[in-house]
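This report describes the secondary-structure elements of one chain and how they are arranged. The sequence and structure are shown first.

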Amino acid sequence: MKHVIVIGGGISGLSAAYRLHQAGIRVTLLEASGHVGGVIGSVRHGDCLLETGPDCWASNKPAAMELANELGLGDQIIGTRAGVRRSFILHHGTLKRLPEGFFLISPMSIKALIKTPILSWPGKIRMGFELFKGVRRADSDESLAGFVRRRFGKEALDRIAQPMIAGIYTADPEKLSLKATFPAFIDMERKHGSVIKALRKRAKGEAGKAQSGGEVSKAAGPRYGLFVTFKGGMSTLPDALAARLPEGSLRLNERVTGLKRIDEGWQVTTETETLKADAVVSALPAHASATLLRDTDTELADALSEIEYAGAAVVNFVFDRDQITHSMDGIGAVIPAVERRRIIAFSYSSVKFEGRAPEGTAVVRVFMGGALNPEVAKAPPDEQTRIALEELRTLIGVKGEPKFTLAGSHQGAMAQYHVGHLDRVAKIRELAGAHTTLAIIGNGFDGVGIPDCIRNANEATAALIKRIESEREA
Ligand SMILES: Cc1cc2nc3c(=O)[nH]c(=O)nc-3n(C[C@H](O)[C@H](O)[C@H](O)COP(=O)(O)OP(=O)(O)OC[C@H]3O[C@@H](n4cnc5c(N)ncnc54)[C@H](O)[C@@H]3O)c2cc1C
């Protein structure tokens, strides 16, 4: 029986190991830490449920929903609480409701643009000019900031696009690749001559569908109705995948320190032993895959090293509800960098999803660091907690001390899809193609979200299984 070693037990590596096992291949999963899930971590504190990494995923990308259903977890999936599907944005020091009728970076109608309280009149007029702006025909990549400034103006970038995007990519919009992150906006510009026009058309189409029984999205920034999680927290998925692996195949606290091509396949060295495998799946941040592959293929390692990563920190607080002055009638807030605060966003976790805290208790999850604030992600947990609490005191009027805090960082965990990303990934794929018994997956290539990582793992393992089987037949 063929043996494949998967390196890294985050959602990418676990999905790959599960698919390989399903295909009847002997699999060993080596994970450096003492737990599965990578950046995913759900922690119980009394009756509260805290998320130390991601707290949800977008259900419109099917891979995560399909996997959850396949694992029998469908009935444990919950959506954001109805009735609070709105959020806030900091505007000159005050939390304002994110306006309805916007799709991420663009208004879907002139009415929505006029009504928004988070742009000045000159800013609104400039944004409205998007309808008449010329179309960029060049095929070269462009930064998200460049695109937004060009079409909607600087105020729209600072006040809308930057904070909306930072919450997803923890990125510097001046460097973020439009082609790799929001290619739909390029299509909208090219096909309709204007993003606003394209969105208006789409909204009309959806309204038409709604009249004939379809669904219409009442967008207020992100479409909150799409975000889902598990009743028992995000760890439900990695835990279920790990439970499906055969006994002895998952090895925790096994950091891989060496990877070498040998005649019969691969030699994988950990801090405690040396293993042999017919094939390897490297399911790590690209820089970690680069380190392991350097002795085997310097060019490939160099190409992998070109994908940059940023760190992020999450601080969870448990408060009594009456310690918070703010109305808490939304799922959280995003903070534009121009506001010069030290956090990217916060969620009212106990409002966003059911079952996160008992009545009268509030769980608040603060997201910090990223490309624009790297020092915070590197700070010790006490310092992160101090900063996050200071910010919450100012932003939502927290009184007294929290009942519980939990802070943690994810160093070098958030891939940054910089301008030229698609070319860099194509080069990596081409170079990796020379190693038919190697698959390189993780969040560095085809999407950072959990569904993207799962899809990427599914596709890469399917191709690897095909290659292994064709070798078997030959
Ligand atoms: C704070 C935060 C919030 C996020 N929020 C969301 C969200 O709400 N929704 C969403 O869809 N996505 C979110 N993301 C993105 C998403 O969670 C990640 O992109 C995804 O989980 C990455 O999974 P992965 O398996 O590729 O990598 P990782 O989770 O980074 O896993 C890599 C694993 O490899 C292990 N490892 C590293 N080196 C070695 C080695 N040498 N040997 C063995 N093992 C090794 C690590 O210990 C780790 O377990 C968030 C990310 C972060 C950090």
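## Terms and basis

Two strands are said to pair if DSSP finds at least two bridges between them. Helices (H or I, at least four residues) and strands (E, at least two) are DSSP runs, numbered from the N terminus.

The model is predicted: local features need pLDDT of at least 70, side-chain atom pairs count only at pLDDT 80 or more, and totals for chains, interfaces and linings use all residues. Residues are numbered from 1 along each chain as its sequence is written.

## Overall dimensions

The chain contains 17 helices and 23 strands. Its radius of gyration, taken over C-alpha atoms, is 23 Å, close to the 23 Å that the globule rule gives for 474 residues, so the chain is as compact as a globular protein of that length. The globule rule is 2.2 Å times the number of residues to the power 0.38. Along the principal axes, the C-alpha trace spans about 70 × 55 × 45 Å.

Five strands form an open sheet in the order 13-2-1-17-23, with parallel pairing. Strand 13 (250-251) and strand 23 (438-441) are the edge strands, each pairing on one side only. Four bridges link strand 17 (residues 279-283) to strand 23 in the parallel sense. Ser282 lies opposite Ile440 of strand 23.

Strand 6 is joined to strand 12 (residues 227-230) by three bridges, and the two run antiparallel. Within this pairing, Ile78 has Thr229 of strand 12 as its bridge partner.

Strand 7 (residues 88-91) is joined to strand 8 (residues 94-97) by four bridges in the antiparallel sense, and Leu90 has Leu95 of strand 8 as its bridge partner. The hairpin of these two strands has two residues between them, and His92 there takes a positive phi near 45 degrees. Strand 7 also pairs with strand 19 (residues 332-334), in the parallel sense and over two bridges. In that pairing the bridge partner of Ile89 is Val334 of strand 19.

## Helix packing

Axes are lines fitted to C-alpha atoms, for helices over the stretch in contact, and angles run from 0 to 180 degrees between N-to-C directions. The axes of helix 11 (residues 286-293) and helix 12 (residues 298-305) come within 8 Å and cross at roughly 165 degrees. The two helices are therefore roughly antiparallel; angles under 35 degrees count as roughly parallel, over 145 as roughly antiparallel, 65 to 115 as roughly perpendicular and the rest as oblique. Residues are in contact if their C-beta atoms, placed from the backbone, lie within 7 Å. Ala286, His287, Ser289, Ala290 and Leu293 of helix 11 meet Leu300, Ala301, Leu304 and Ser305 of helix 12. This contact of helix 11 with helix 12 comprises six nonpolar, three polar and no charged residues. Ala, Val, Leu, Ile, Met, Phe, Trp, Tyr, Cys and Pro count as nonpolar, Asp, Glu, Lys and Arg as charged, and the others, Gly among them, as polar.

Helix 12 also approaches helix 16 (residues 421-432): their axes come within 9 Å and cross at roughly 155 degrees. Helix 12 and helix 16 are therefore roughly antiparallel to each other. Glu299, Leu300, Ala303 and Leu304 of helix 12 make the contact with Arg424, Lys427, Ile428, Leu431 and Ala432 of helix 16. By class, the contact of helix 12 with helix 16 has six nonpolar, no polar and three charged residues.

Methods: Two residues are in contact if their C-beta atoms, placed from the backbone, lie within 7 Å.
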